[in-house]
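My entries follow the display.

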Amino acid sequence: MELNTSGIIGQSTTLADVFRILGKVAPTDSTVLVTGESGTGKELLVRALHANSRRADKPFVPINCGAIPKELLESELFGHEKGAFTHAIRSRPGRFELADGGTIFLDEIGEMELSLQVKILRVLQEKEIERVGGSGCKKVDVRIVAATNRDLEAEVEAGHFREDLYYRLNVIPLHLPPLRERGDDVLLLARHFLDHFCRKKARPPLGLTPDARRVLAAYTWPGNVRELENFMERLSILVDGAVVQPSDLPRKILDQVGDISALPEVEEQGAPESAAPSAQSASDAPTHTEAPRDASQSGGFVWPDLAVLEGHGLNLKDFLDAVESRLIDEALNRAGGVKNQAAEYLGIKRTTLIEKLKKRNP
């Protein structure tokens, strides 16, 4: 089965190791504990886990245990009965009930109070929950996946996290590496985000000078992918020229990397997206280069005309197939073979891309 990586972008060996484990554990119902620094994309990884599981067509229900006040978290997780507390004017199911048959994602579980950890342990052991103010238990069929940016072993030693719950959650550990350990993925992601935000703001795509690439690759990105994404959005707004220069980068980054001339050379990871496709780049066959006779030329984009087909003995279907094949190959190459990302470049669904590839290579 082909792995659905749910839009996670990267070609590094460290990320490949994560995908390898993901492919093995996703089809099972084993409990998974995802660890990694803040901003590394833990929720994306958990969504990929769900998408590749036997529960993929059932609910995926995330909850951030650190974002909900502790006095409300129990009700959010397990639901409550009418009159269970002030303002409980009606019964309400919790996240575990909503996730029945699917996956519940307990994000930042290291923030959970000890008193509530006991109840999570009961769900793992007995597969049942009890609503706040309820008098009976309800069976639930859910896969539990948890994530944290804390060192839970240290939290156990400090008495802040239950040891029995830790071992129940840590059946399959999945560690998402920080961006600084993912090598060329930094520039691959930078290119993706920069193209995305330029396209969103309807401006021509920005390039990266060699020195700018060296700086971005050398910076440690303490905020990981989230920091890089936000920074690329800032550049898409503030850079006036057609390329990003080192002078466009903040002093914080420049100070950390030091002397740019001493940094190693890095290759461009994917070229900037062109503002519009050209017939010349779309087909292996030479194209007609005469000036168009009507309004077929706009903004530098030359539409192919009948002379292209006549000059090369092509019919319309053969020409369109060649254009489509060339663009698919280019998208796959730019995405490093990641079909989700290639489909996004092409503006089509991943399933549509897979069908086109099957037809091309039966």
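Is Phe-231 buried or exposed? I am working on a predicted model. I looked up Phe-231 and found a relative accessible area of 4%. Buried means under 20%, so Phe-231 is buried.

Entry on the rings. I noted that a pair of aromatic rings is described by the distance of the centres and the angle of the planes. I looked up the count of aromatic pairs and got five. One of them joins Trp-221 and Phe-231, with 6.0 Å from centre to centre and 50 degrees between the planes. I wrote this pair down as tilted. Trp-221 lies in the loop between helix H9 (210-218) and helix H10 (224-238), while Phe-231 lies in helix H10. The two residues are ten residues apart. I then checked Trp-221, which is buried with a relative accessible area of 0%. Ring pairs also bring in Tyr-219, making a cluster of Tyr-219, Trp-221 and Phe-231.

Entry on the helices. I turned to helix H14 (residues 316-334) and helix H16 (residues 350-360). Their axes come within 12 Å and cross at roughly 120 degrees. On the H14 side I listed Glu-324, Ser-325, Ile-328, Asp-329 and Leu-332 as making the contact. On the H16 side I listed Leu-353, Lys-356, Leu-357 and Arg-360. I sorted the residues of this contact into four nonpolar, one polar and four charged.

Methods
Residues numbered from 1 in each chain as written. Predicted model: local features only at pLDDT ≥ 70, side-chain atom pairs only at ≥ 80, totals over all residues. Heavy atoms only, no water. Axes fitted to C-alpha atoms, helices over the stretch in contact; angles between N-to-C directions. Helix = DSSP H or I, 4+ residues; strand = E, 2+ residues; numbered from the N terminus. Contact = heavy atoms within 4.5 Å. Nonpolar A, V, L, I, M, F, W, Y, C, P; charged D, E, K, R; others polar. Phe/Tyr/Trp six-rings, centres within 6.5 Å; stacked < 30°, edge-to-face > 60°. Buried < 20%, exposed > 50% of the residue type's maximum accessible area, 1.4 Å probe, protein only.
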